[in-house]
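Here is a note for a colleague who is meeting this structure for the first time. The points below are meant to be followed with the model open alongside.

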Amino acid sequence: MRDFILKRVAALLLPFIQMYGLYVILHGHVSPGGSFAGGIVVGLAFIAFTTIYGLERGRAKVPEKVTTLVESYGTLWYGIMGMVGIFKGAPFLANKIAGIDLGELGALSSGGLIGLIGLGVGIRVASTMITLFSTMMEEES
Amino acid sequence: MTTTIEAHLPVFVVIMPLFVAFILPTFARRIRLVEGLVTATTVLGFLGAGYLASLVLIRNGNPISYSLGGWPAPWGIQLSVGDLSCLFLLMVASVSLPVALFAADNMTHEVGGPQRATRFYVLYLLLGGAMAGMAVTSDLFNVFVLVEVATLSCCGLVSSSNQPRAAEAAFNYLILATLGSALILGGIGFLYMITGHLNMGFASQELNRVWQDYPHVVWMALSFLLVGFGVKSALFPLHVWLPDAHSAAPSPASAILSGLAVKGYAICLIKVLFNVFGIALIRDLSMHRILTLLGMIAIIAGSLFALTQDKLKRRLAFSTVAQVGYIFLGLGLANSMSLTGTLFHMASHAVIKSGLFLAAGAIIAATGKDRISEMAGVGKKMPITMAVFTICSVSLVGIPLFSGFIGKWNLLLGSLEAGNRLAQAVIILGSVLCAGYLFPIIRVAYFEPAPAADWQDPGLPQKTALILLAAWVMILGAVPGPFLELAKRAALDLLVVK
């Protein structure tokens, strides 16, 4: 019962923090911030959860298996998005010249593949933050 | 389909190892599959590098360039595959294939568990991809990123053997290498500041136009880059991390670190020195004298330190310090002969040192002894391993018909052309000292009575790996034709005044 206020406030705030992180990740190409900064915010939300509710419950939320998967395939996602260019007959990582419609300037879709690439980088950064933190915590306990 | 692959080959050789590295952790439980994937990747990398080299040879040195994302050169990242890149790519591929074969046999055993072995393979492929990237990129910031990827992979590889000694060595390496990275980034920053370009070709044009307005900045950039890459490629006074790191790592890791990793940074330095600053600027600033001096000191000091070591892997590690000296000496002499010699010696040393480290690893694994004085009789009990060790040693000393000779011969011709008497003496003295620290191992192994112990040659995959490397040494020595041609053309290309 000692941490009642802390736990309640965290439970209320964390979803919004994560939402904000995802927003920063997805709007990286049209506004300040980006996938790296956004990924850190998402990761920090999980780290805050772990510090408040304890390592065990934090690990239960994001098991090591999940972080391994996300770290591996998040980076691979970047490569796959790069390959889209090659399949369209353009160079690796091509965006507009691979025939992707960029739409209206300043809109969310105007980045083409950049937003999708950013999503991969973002979740990967978030999961790396979690791994770093849990590894250090596990070493201490 | 084939034309598509051919057109995108410069980027495939870099991203393919990275792709495979990313998916490996999810197969950690099925270690056989991981090993198979790694070996397949190195085979594909070898085929890709060979095909690129043949394309470049046919194109008569006209580099293949590739713009990432379709953005042309001054704005986008440009990959360019010329003679130098091909030589280095071939070198990376021809060493990483046997090392992967060797590792597949007992890595799980050596590092303790499939999980850790998978981690080793991930880092191994990341290092391979970074090396391939260093070979093909012609963008300064890209060089920095790849240097970082390679450095962190190297730290992981050093610490993969799960011993306190390895962890300490890896930590030392991490500290010094981070310092080196910071200096490299600083140097690249200074270059960007005065040229406004990150593409090597454009930066070089701009630099040659404006450098007289910023002499101090150019000096700062040059010295930052020299010290930064010097730390990473273990140039003599900055080599302190190398002996511990390379002797504490598992043998396949030592082979790849000593054989390839230090050369990767040297290639980056060559690209920055000759493709960005250009030979005229190097001569104007007397940089070549500094490089020659550093190279000579490294050869003598590295060899002398190697002579005094009794631990086999430490002796081989110090030998790497001496051979890096040859590379820098050749760069300093800065004529076509010496650069040909440097580039060829780089390639042959990569193969030789991997062979030596793998043979040493096989001996240590079979006998459990890591001191040279305890190696009596290894030659009789492990004939194939010791034969490979002998071939590699003889080649490193520089006996004709072996690959080491051709590199050192060209270096010697280069020093004659430069009229540098001291360099001639040092090259020959270095070879004598090299014989001095390698031949006693062979004498102890073959001519001292063997103890009654059950030592055996390693299993078939490891034997294949050792024989492949020995065969490479012999091929490079007996038919150096295409490789020497690549090295010669790369050397002439580096010396073009821009």
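1. A crossing of two helices is called left-handed if the near helix is turned anticlockwise from the far one by less than a right angle, and right-handed if clockwise. Helices here are DSSP runs of H or I with at least four residues, strands are runs of E with at least two, and both are numbered from the N terminus. In this sense H3(B) passes H10(B) in a left-handed crossing.

2. This is a predicted model, in which local features need pLDDT of at least 70 and side-chain atom pairs count only at pLDDT 80 or more, while totals for chains, interfaces and linings use all residues. Residues are numbered from 1 along each chain as its sequence is written, and chains are lettered from A and ligands numbered from 1 in the order in which they are written.

3. Chain B holds 19 helices and two strands, and its C-alpha trace spans about 70 × 55 × 45 Å along the principal axes. Of the 498 residues, 59% count as buried, that is, with 20 or more other C-beta atoms within 10 Å of their own, C-beta atoms being placed from the backbone.

4. Helix H3 (residues 83-111) and helix H10 (residues 251-284) of chain B pack at an angle of about 160°, with axes 9 Å apart; the axes are lines fitted to C-alpha atoms over the stretch in contact, and angles run from 0 to 180 degrees between N-to-C directions. H3(B) and H10(B) are therefore roughly antiparallel, a term for angles over 145 degrees. Among the residues making the contact are Phe88(B) and Val92(B) of H3(B) and Ala255(B) and Leu260(B) of H10(B).

5. Between the chains, 14 residues of chain B are in contact with 14 residues of chain A, contact meaning that C-beta atoms, placed from the backbone, lie within 7 Å. On the side of chain B that touches chain A, helix H1 (2-23) and strand S1 (64-67) of chain B each supply at least two residues, and H1(B) gives the most, with seven.

6. In chain A, Lys65(A) lies in helix H4 (residues 64-87). Is Lys65(A) buried or exposed? Lys65(A) is exposed, because 9 other C-beta atoms lie within 10 Å, and the cut-off for exposed is 12 or fewer.

Conventions:
Contact = placed C-beta atoms within 7 Å. Parallel < 35°, antiparallel > 145°, perpendicular 65-115°, else oblique.
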